[in-house]
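Please find below a colleague's note on the structure shown here. The remarks are set out as numbered points.

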Amino acid sequence: MNAQSARSVAVDAMSGDGGLEVALGGARLALQHDDGLTLTLVGERTSIDAGVARWPDALRRRAGVAAAEHVLPMDVDTARALRQGRGSSMHQAIELVASGRAGAVVSGGNTGALMALSRQRLGMLPGIERPALMAALPVPGGTVWVLDLGANIGVDARRLLEFARLGHTAVRVLSERNPAIGLLNIGREPGKGPDVVREAARLIAAEPEIDYYGFVEADQVFAGQVDLVVCDGFAGNVLIKGAEGIVRLLFAELRRSVGRGALAWVIRRPMQRLHDRLDPARHNGAPLLGLQGVVIKSHGGSCQRGFASAIGLAALEMRHKLVPKLEQALWASY
C-alpha cells in the first residue's frame, strides 16, 4: 500500500437511508475538516460526478470515483448479500481496501451484509471468529464506547473476554489512554446476572493488561465512570436504540413545551448544540473490530454530519494503525 492509499478512505456512496445525498454531503464535510484526507467515492459514476462537480476545486482534487454496478438494498439478508454482492457499491468499496488501494471503508448499508462481505474479502484477525461492532455514546465530558452492538447476539464468556481484549486495544489506540472497562449487567453485586456474565467477569478481571471496573448497570453507562462497556450484541443493540429513542423523546417534549414564540428563537442555538452533543447518531461510526482491515459502519439513518464523523473515525483508525496493533495484542494474549 503506497502513502497515498494509506490516507484514502473508500466510501460506499450509495447505501444507507439517505443514499448519495447524505454520503456526498458527509464526504464534503470530512474533506473540509481534514486537509490530509483523500476519498474514493464508490457508486453510480454519473451521479457522483454530478454531485462532486459542485464542490470547490481543492476538495474535488482529493476525491476520486470508482464505479459500481448496483446497490444492495437495506433489507438484504446475509445469504443474498454473499450471492449477489459482487459489483455492488459496498463490495467494490471493500475491494479497494483488500487490494491496497484504500486504507479503510465506510458504509451506511445493511450491517449483516457489510460484516459478511468484509469477513469474506478481508479475513479475520488471529483467533477471532466473527467481527464485533463498537460505537460511542455521549457521557459527561466525553464518550463511552460500547461493544458489541448487534453483530453477535448469543455469546459465551470467552467471547465476552474477546470483546474486552479487542475493545481495550481499540479504545486505548483511539483515546490514547488505558480504558476502564465495565461489564453490562442487571446489578453491581458479584452474584447478580446470568452465569455467562459472571463467568466473563472472572475471566476479564484475571487479565493483567485490562483495567476492569466491574459490573455496570444500564443507567450507569451514561455516568462516565468507565470508558468501555462490554456486552453481547442483543443487550448492546437494545441499549443504543433505547438511547436514541430517549433523545428523540426529550427534544420532542422540549419543542412542544417551548412552542414557536420568542423563547424558542432565543434558545434555538443552545438547543441545537445540546442536541448535537446528546444525539447518538452524531457520535456516528461503528468499527467492525476483528477484521483484517478498517471497516466502519455508519448509522443507516445518519445525517451528513454524522456520516462525516464516520469518515473521520476511519481516517483516525488508519493513521493510528489500529489493525496491526489489534493483531499484536491478540497474539500476545494467546
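The points that follow concern a predicted model and take up a strand and its partners, a helix pair, and several individual residues.

1. Strand S5 spans residues 132-139, and eight of its eight residues are buried. In a regular strand, side chains alternate between the two faces of the sheet. Here both faces are covered: Ala132, Met134, Ala136 and Pro138 are buried on one side, as are Leu133, Ala135, Leu137 and Val139 on the other.

2. Strand S5 has antiparallel pairing with strand S6 (residues 142-147) over six bridges. Within this pairing, Met134 stands opposite Leu147 of S6. Two residues lie between the strands of the S5 and S6 hairpin, in which Gly141 adopts a positive phi near 80 degrees.

3. Strand S5 is also joined to strand S10 (residues 286-289), by two bridges and in the antiparallel sense. Ala132 has Leu289 as its bridge partner in S10.

4. A pair of packed helices is described by the angle and the distance between their axes. For helix H6 (residues 89-98) and helix H7 (residues 111-122), the axes come within 10 Å and cross at roughly 35 degrees. The crossing of H6 past H7 is right-handed. On the H6 side the contact comprises Met90, His91, Ile94, Glu95, Val97 and Ala98, which meet Ala113, Leu114, Leu117, Ser118, Arg121 and Leu122 of H7. The residues of this contact comprise eight nonpolar, two polar and two charged.

5. Thr78 belongs to helix H5 (residues 78-84). Is this residue buried, exposed or partly exposed? Thr78 counts as partly exposed because its relative accessibility is 36%, which falls between the limits of 20% and 50%. Beyond its neighbours within four places in sequence, Thr78 is in contact with Gly112 and Ala116. Thr78 and Glu176 are separated by 98 residues in sequence and by 35 Å in space, C-alpha to C-alpha.

6. Some backbone geometry deserves a check by the reader. Most residues other than glycine have a negative phi, and most peptide bonds are trans. The peptide bond from Leu147 to Asp148, however, is cis, with omega near 15 degrees. Asp148 is placed in the loop between S6 and helix H8 (157-175).

7. Glu176, in the loop between H8 and strand S7 (180-184), has a phi near 60 degrees, and its relative accessible area of 63% makes it exposed. Lys321 has a phi of about 55 degrees and is found in the loop between helix H13 (304-319) and helix H14 (322-333). Lys321 is likewise exposed, at 53% relative accessible area.

How values were computed. Residues are numbered from 1 along each chain as its sequence is written. This is a predicted model: local features need pLDDT of at least 70, side-chain atom pairs count only at pLDDT 80 or more; totals for chains, interfaces and linings use all residues. Side-chain values use heavy atoms; hydrogens and water are left out. Helices (H or I, at least four residues) and strands (E, at least two) are DSSP runs, numbered from the N terminus. Buried means under 20% relative accessible area, exposed over 50%, partly exposed in between (1.4 Å probe, protein chains only). Contact means heavy atoms within 4.5 Å. Two strands pair if DSSP finds at least two bridges between them. Axes are lines fitted to C-alpha atoms, for helices over the stretch in contact, and angles run from 0 to 180 degrees between N-to-C directions. A crossing is left-handed if the near helix is turned anticlockwise from the far one by less than a right angle, and right-handed if clockwise. Ala, Val, Leu, Ile, Met, Phe, Trp, Tyr, Cys and Pro count as nonpolar, Asp, Glu, Lys and Arg as charged, and the others, Gly among them, as polar.
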